[in-house]
Amino acid sequence: GCSAIRTPVRATAGMSPMVDLGQDTSYCAGSSAFLNGNTAGAVQYFWSNGDTTNTTSATTPGTYSLLALDGLGCFGTDTIVVTEDPLAMAGFTLNSNGLNVNMTNSAMNADSVLYDMGDGTTTADSFYTYAAAGVYTVCQIAYNNCGTDTTCQNTTIVLSNNSINGADAFNIYPNPNNGKFVLEISSLQEQRVSLDILATQPNTL
């Protein structure tokens, strides 16, 4: 009759690599996110963006996946979502009435804004009253998790109603301006008026 020969075979059971890319993450516009796929026992790495090392940089928002292989051909996978956080962009308009100024915030992607009033005062309020007439440069600093951005109104002329003796009313516009403006003065009596104008630049006025 026939006889059978049994040959013992040793089988090795492998555990799939446990790939963990961590929680979803983000990066600030203009930079990138570092993704670490280092996995115990893995000898080969295949990222969805084409990289084949254990780490990669995410330079665009999206979903990134990693497949890691060990020496037995067992594999593990994981995915992570990467988003891009925008930069803050400062922006505001400024209107004045006498010593009072009002800032209208138009900053984009800002969590908060702060105003440097040019007289040593910083404030988060949109309304401010100066102590004296003069020339002030008002700057807005816009904040978010990616940093700050600053913009300034370089020429601001602030006058108070008692700056022109004998005048019943006056108006100056536009304010702020680029050096060209209209000053209207009304008075109940005829008189000679002397007016001093200050500027932030050594211009001839």
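**Exercise 1. How many disulfides does the structure hold?**

The model is predicted: local features need pLDDT of at least 70, side-chain atom pairs count only at pLDDT 80 or more, and totals for chains, interfaces and linings use all residues. Residues are numbered from 1 along each chain as its sequence is written, and side-chain values use heavy atoms, with hydrogens and water left out.

Step 1. Apply the criterion: a disulfide is a pair of cysteine sulfur atoms within 2.5 Å.

Step 2. Cys 28 and Cys 146 meet it, with sulfur atoms 2.1 Å apart. Cys 139 and Cys 152 meet it as well, at 1.9 Å.

Step 3. The structure therefore holds 2 disulfides. With bonded cysteines counted along the chain, their pattern is 1-3, 2-4.

**Exercise 2. Find the handedness of each disulfide and the parts of the chain that it ties together.**

Step 1. The torsion about the S-S bond of Cys 28 and Cys 146 is about -95°, so this disulfide is left-handed.

Step 2. Cys 28 belongs to strand S1 (residues 25-28), while Cys 146 sits in the loop between strand S13 (138-144) and strand S14 (147-153), so the bond ties together parts 118 residues apart in sequence. Strands here are DSSP runs (E, at least two residues), numbered from the N terminus.

Step 3. For Cys 139 and Cys 152 the torsion is about 105°, so that disulfide is right-handed. Cys 139 lies in S13 and Cys 152 in S14, so the parts tied together are 13 residues apart in sequence.

Step 4. For accessibility, buried means under 20% relative accessible area, exposed over 50%, and partly exposed in between (1.4 Å probe, protein chains only). Cys 139 is buried at 14%, whereas Cys 152 is partly exposed at 33%. Cys 28, at 21%, is partly exposed, and so is Cys 146, at 22%.

**Exercise 3. Describe the surroundings of strand S13.**

Step 1. Two strands pair if DSSP finds at least two bridges between them. S13 pairs with S14 in the antiparallel sense over 7 bridges, and a hairpin of 2 residues joins the two strands.

Step 2. Cys 139 has Cys 152 in S14 as its bridge partner; these two cysteines also form a disulfide.

Step 3. S13 pairs with strand S9 (residues 112-116) too, again antiparallel, over 5 bridges. Here Gln 140 in S13 is the bridge partner of Tyr 115.

Step 4. Of the 7 residues of S13, 6 are buried, so the strand is largely enclosed by the rest of the structure.

**Exercise 4. Is Thr 56 buried or exposed, and what does its side chain contact?**

Step 1. Thr 56 is found in strand S4 (residues 55-58). Its relative accessibility is 4%, so Thr 56 counts as buried.

Step 2. A polar contact is a pair of N or O atoms within 3.5 Å; within protein, one must be able to donate a hydrogen and the other to accept it, and residues adjacent in sequence count only if both atoms are side-chain atoms. The side chain of Thr 56 has such a contact with the side chain of Asn 49, at 2.9 Å, and with that of Asp 51, at 2.4 Å.

Step 3. Contact in general means heavy atoms within 4.5 Å. Leaving out residues up to four places away in sequence, Thr 56 touches Ala 33, Phe 34, Leu 35, Trp 47, Asn 49 and Asp 51.

Definitions and conventions
Helix = DSSP H or I, 4+ residues; strand = E, 2+ residues; numbered from the N terminus.
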